[in-house]
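Please keep the sequence and the 3D view open while reading them.

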Amino acid sequence: MWRMSVDLPFPYDGPGALREPVEAALRRVVDPELAMSIVDVGLIYGVAIDATQARVTLTMTSPACPVIEVILDDVHDELGRVLPEGTTIDTQLVWEPAWNSDRLSARARLFMGW
Amino acid sequence: MRAPALLPALAVAALLGGVAGGLARLGLTPFGQGDWLGRAAELHGALMICGFLGSVIALERAVALKQRWAFAVPLLSGGAGLLLLAGWRDAGAALGVAAALGFVGVNVQILRRQVLAHTLLLMAGALCWLVGSVAFALQPPGMEPLPWWFALLVLTIAAERLEMTRLMRRRPGAEASLYAVLTLLLIGAAVSGALYGAALAALAVWLLRHDIARRTVRAHGLSRYMAVCLLGGYGWLAVAGLAWSATSLGWPLRDAALHALGLGFVFSMVMGHAPVILPAIAGVKLQYGRRFYAPLALLHLSLLVRLVPGHAGPALRALGGLLNTAALALFVLTLMAAALLWRARKQNVGVVRQKA
């Protein structure tokens with residue numbers, strides 16, 4: 001069953017059966033300094049999956065951050081473990097709209113003392 | 001996009017030359033003798049700040065930008081270090097100016113992606129590198145490159161920490177007070193050592209008050225280790241500021257000011273971020289463990305030896321310097337062990353998966 005989801009921390013468009021595994025995979029990608037997942041930091045702008053391809057649109061808190069490539073590699077690796085074999089993974093790094101602190105999850109806000 | 005292996009190698013060559021020169025200044029010559037050692041001692045600051053740290057920062061930024069031309073900057077700054085060691089001061093200084101100019105260009109590209117407070121501060125740091133390098137090349141009377149070169153490091157770190165403070169609720173006026181402190185730092189670099197030192201101390205207070213390390217020190221593992229590095233570094237930044245001001249007022253604290261800043265503050269940042277940055281620029285993954293605290297503790301203790309009993313006489317200061325070097329060497333060994341452990345762990349996981 002295919003559906004759009006609004007109860008995830010990011011827009012999801014793809015098979016319902018993959019919804020939870022994809023979210024769990026992305027939650028395993030952690031910002032090392034914060035000890036928080038990129039989902040909690042609010043870096044994921046959306047995931048779209050069709051029969052052949054998974055497209056993840058994401059941002060970073062800074063365009064000068066050297067860890068960008070490491071995080072993109074980790075997203076690739078973690079999604080590769082849960083997606084059906086043969087699915088190509090396309091990570092789209094975008095700078096618009098710019099990240100801001102409104103994107104932090106409730107868990108992240110609690111840890112950061114909001 | 002990873003950095004070509006030559007570029008980290010050039011930065012490490014500048015580091016080795018800089019460390020050998022620093023030890024020679026203290027009367028220690030474990031790396032032998034030679035004309036190069038005299039030059040390394042004379043140009044210790046240029047080798048450590050521009051040849052090593054400038055190259056590492058430029059590598060970080062080139063990896064972030066993902067544009068091949070940006071890797072020319074660490075090539076130029078690392079090459080400048082080699083030329084300086086080889087005795088070609090003018091050519092090395094010219095290459096240093098070219099590196100700083102290239103780094104300004106890299107920051108223009110980053111600003112084209114996003115104009116934010118911290119990307120503007122990164123650009124200000126790049127401009128300080130350029131001012132310092134021009135001063136080093138042209139040697140105008142009364143203009144020291146060192147405060148400007150340190151400003152590159154301080155502004156870069158301040159910019160990166162400002163970026164992270166966006167994750168916390170900021171107190172009103174926090175951002176404005178940081179800009180005021182950094183403006184004083186730049187005015188101090190131009191006209192007053194006392195003001196420069198006061199701005200460094202004020203920055204330490206700002207960072208201790210606003211940095212996310214106050215939160216992440218309650219986390220665990222790598223996150224906590226990074227926070228400990230940051231908070232310890234801010235303590236040394238305060239010491240450096242006070243010593244810098246006191247030096248400009250005639251107190252004999254120049255060694256304390258330079259090394260509380262360069263080793264206590266900046267190298268604490270390097271030790272804290274290396275486990276994250278090294279995989280990004282060199283593609284070397286590391287297995288974090290508590291062993292990372294050993295070189296950090298040695299760095300801080302050796303700096304205490306250098307600054308407190310070392311203030312009384314050259315022998316104890318030299319002992320402190322030797323222990324500083326031991327801390328850096330232990331850190332390199334820790335990184336190598338962490339890389340081997342990660343590789344071994346990955347192979348074990350692979351074997352388990354194959355059996356499964």
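1. Is Gly14(A) buried or exposed? In this predicted model, Gly14(A) has 20 other C-beta atoms within 10 Å, and because a residue counts as buried at 20 or more such atoms, Gly14(A) is buried. This glycine belongs to strand S2 of chain A, which covers residues 12-15.

2. Two packed helices are described by the angle between their axes and the distance between the axes. In chain B, helix H5 (residues 89-113) packs with helix H6 (residues 117-138) at an angle of about 165 degrees, and their axes are 8 Å apart. Since angles over 145 degrees count as roughly antiparallel, H5(B) and H6(B) are therefore roughly antiparallel to each other. The crossing of H5(B) past H6(B) is left-handed.

3. Where these helices meet, the residues from H5(B) include Ala93(B), Val97(B) and Phe103(B), while those from H6(B) include Leu122(B), Trp129(B) and Phe136(B). By class, this contact of H5(B) with H6(B) has 18 nonpolar and four polar residues, with no charged ones.

4. The contact between the chains takes 30 residues from chain B and 22 residues from chain A. On the side of chain B that touches chain A, several helices each supply at least two residues, among them H3, H5 and H6, and H12(B) gives the most, with five residues. By class, this side of chain B has 16 nonpolar, seven polar and seven charged residues.

Key: Residues numbered from 1 in each chain as written. Chains lettered and ligands numbered in written order. Predicted model: local features only at pLDDT ≥ 70, side-chain atom pairs only at ≥ 80, totals over all residues. Axes fitted to C-alpha atoms, helices over the stretch in contact; angles between N-to-C directions. Helix = DSSP H or I, 4+ residues; strand = E, 2+ residues; numbered from the N terminus. Parallel < 35°, antiparallel > 145°, perpendicular 65-115°, else oblique. Left-handed = near helix turned anticlockwise from the far one by under 90°. Contact = placed C-beta atoms within 7 Å. Nonpolar A, V, L, I, M, F, W, Y, C, P; charged D, E, K, R; others polar. Buried ≥ 20, exposed ≤ 12 C-beta atoms within 10 Å, placed from the backbone.
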